[in-house]
Structure formats: C-alpha cells, structure tokens
Amino acid sequence: MESSNIGLVLSGGGYRGISHAGAIKAFEENGIYPNYISGTSAGGLIGALYAWGYSPETMLDFFKKIKIFDLSRYARKKPGWVDTDTFRSFLLSYFPDNNFGALRKKLFVTTTNLFNGKTRVFSSGILIDPLLASASFPGLFSPVAIENSYYADGGILDNFPIEPIKNCQKIYGVYVSPISTMGTSDFKHSYDVVNRALHLRMNANSSKKFSDCEMVVYPKELSKYSLFNPKHADELFKIGYVQTKKALQNRNLKLAACKNEIIL
C-alpha cells in the first residue's frame with residue numbers, strides 16, 4: 001500500500017472531470033492512497049470531495065446531481081451567463097464545515113486572479129469560494145469575488161498544477177483535457193479558432209510537467225466528449241477507471257521487468 005507522502009494532480013476538464021473519480025477508484029484498488037491533492041476546476045472539485053472522505057461513487061453522484069444550465073442560475077448584472085454563486089448552497093450540502101481545515105487530506109486549489117493575471121493557490125481558510133472560483137470557466141460562469149479581486153478557472157494559466165505538491169515522494173497525475181485532431185469543417189466560427197488556440201497552449205504547458213510524475217493517466221478518448229454535456233457521466237467514470245487500471249498494469253509490468261534485469 002502506498003500512503004506515505006503521495007501526491008495526486010487533477011486537471012480541469014468540465015464534465016470530463018468525472019473521469020477523475022474513476023481514476024481514484026482504480027488507484028485505491030491498487031493500494032495507492034494519495035494524501036496530498038492539487039487540482040484545478042473540475043479537478044479541484046473532485047479533489048475536495050476526495051479530501052473530505054467521499055467515495056468515487058459519491059463523486060459521480062455529485063456530478064449527476066449538479067444542474068449547470070438551469071434557468072434559476074442565469075447571471076443578472078454579472079459578467080457571465082451562469083451565476084456561479086447559485087452553486088454555493090449545493091456545495092454546502094457536501095461541505096457543511098466550509099473550511100480547508102475540515103478536510104482529511106491536504107488540498108491545494110488553483111485559481112486565476114483576473115485582476116493581476118496570476119495564479120493563486122488556496123490551501124487554508126474558507127473552502128467553497130476557491131472551489132467555485134477555480135471551476136468558473138471564463139465567459140460562461142461569472143467570476144468569484146475573493147478579497148476584493150475577481151477569481152476564475154485555474155486552468156486558464158495552469159491546468160496541471162503540480163507545483164504545490166512537488167515535494168511529495170511520488171506524484172500521480174490524471175489529465176482529462178486531451179487534444180483532439182481537427183479538420184477544416186471544425187473551424188466554422190472565430191470562437192472555434194480562439195478556443196483551439198487556448199487549448200493547444202494549455203496542453204503544451206501541462207504536458208511539460210508530466211515527466212515529474214510517477215505516472216500520468218491521459219485518456220485520449222475523452223476528447224470526443226463535450227466539456228459541459230452531463231449525459232455521459234457513467235461513461236466518463238468508466239473511462240477514468242479503465243484507463244487508470246491499464247496504466248497501472250503497464251507500470252507494474254515495467255517495474256517487474258526492471259527488477260528481473262537487476263537480478264540477472
């Protein structure tokens with residue numbers, strides 16, 4: 001069992017973040033129990049649920065219950081289509097003690113400060129505000145006011161926030177924002193070009209950090225799933241679970257091969 005000073009990095013990825021829950025289930029079945037978690041956006045939410053003590057199945061249920069595009073969430077006189085503050089009561093039902101100190105594992109949540117253009121990592125104090133901010137996808141969700149600044153999705157600047165846990169003995173990562181192959185027909189609007197450029201930069205910055213991990217789970221098939229389509233929750237959970245099991249099996253085979261070479 002691996003449980004001493006083990007880190008877990010969870011990327012952003014909208015509803016594809018459900019795959020993180022499946023990955024955690026696979027890690028635990030293989031005796032890997034991270035006690036330091038760093039996440040952003042959906043990864044921050046899953047990380048908080050895990051750090052509180054919820055099971056992977058409860059994490060899946062969390063994403064099934066949350067209703068993003070309900071009329072009651074329409075943002076009035078706020079920058080964004082969805083009022084992020086309307087999710088506060090829902091999160092409180094899962095985190096009744098609204099504080100990082102109530103968590104069973106150490107959690108780091110990455111956000112983007114829209115005023116100064118820098119990342120900020122939260123790991124103490126009030127819990128729900130940073131979680132809401134970290135998951136506030138720009139343009140869609142309204143940013144969250146914290147200490148006289150506006151904060152939004154941490155994935156804007158760092159979608160694989162490994163830095164807060166780099167001192168861990170071993171680090172495992174799960175990246176759920178893979179880049180898909182696109183063709184001419186996929187670029188119909190200027191938004192498509194801007195969105196593609198954003199994700200290419202995000203992916204390039206994140207992939208540079210993969211070598212710092214013991215192992216990174218990178219399910220490429222997630223690219224065919226929409227960021228905000230809630231209809232495939234069970235599929236996404238299964239993808240995270242199956243791909244992590246495969247990655248762990250491959251890692252164990254390589255470790256066994258290395259030991260045999262040493263013995264020989």
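**Chat: a loop and a helix pair**

Visitor: Where does N148 lie?

Guide: N148 sits in the loop between β5 and β6; strands (E, at least two residues) and helices (H or I, at least four) are DSSP runs, numbered from the N terminus. This is a predicted model, where local features need pLDDT of at least 70, side-chain atom pairs count only at pLDDT 80 or more, and totals for chains, interfaces and linings use all residues. Residues are numbered from 1 along each chain as its sequence is written, and side-chain values use heavy atoms, leaving out hydrogens and water.

Visitor: What's up with the phi of N148?

Guide: Phi of N148 is positive, about 65 degrees, although N148 is not a glycine. Most residues other than glycine have a negative phi.

Visitor: And is N148 buried or exposed?

Guide: Exposed, at 77% relative accessibility. Buried means under 20% relative accessible area, exposed over 50% and partly exposed in between (1.4 Å probe, protein chains only).

Visitor: OK, what about E147?

Guide: E147, also not a glycine, has a positive phi near 50 degrees. E147 is in the loop between β5 (144–146) and β6 (149–153), and is exposed at 59% relative accessible area.

Visitor: Switching topic: how do α1 and α3 pack?

Guide: α1 (residues 18–29) and α3 (residues 56–65) pack at about 170 degrees, axes 8 Å apart. Axes are lines fitted to C-alpha atoms, for helices over the stretch in contact, and angles run from 0 to 180 degrees between N-to-C directions. So α1 is roughly antiparallel to α3 (over 145 degrees).

Visitor: Which residues meet there?

Guide: I18, A21, I24 and K25 of α1 meet P56, E57, M59, L60 and F63 of α3, with contact meaning heavy atoms within 4.5 Å.

Conventions: Parallel < 35°, antiparallel > 145°, perpendicular 65-115°, else oblique.
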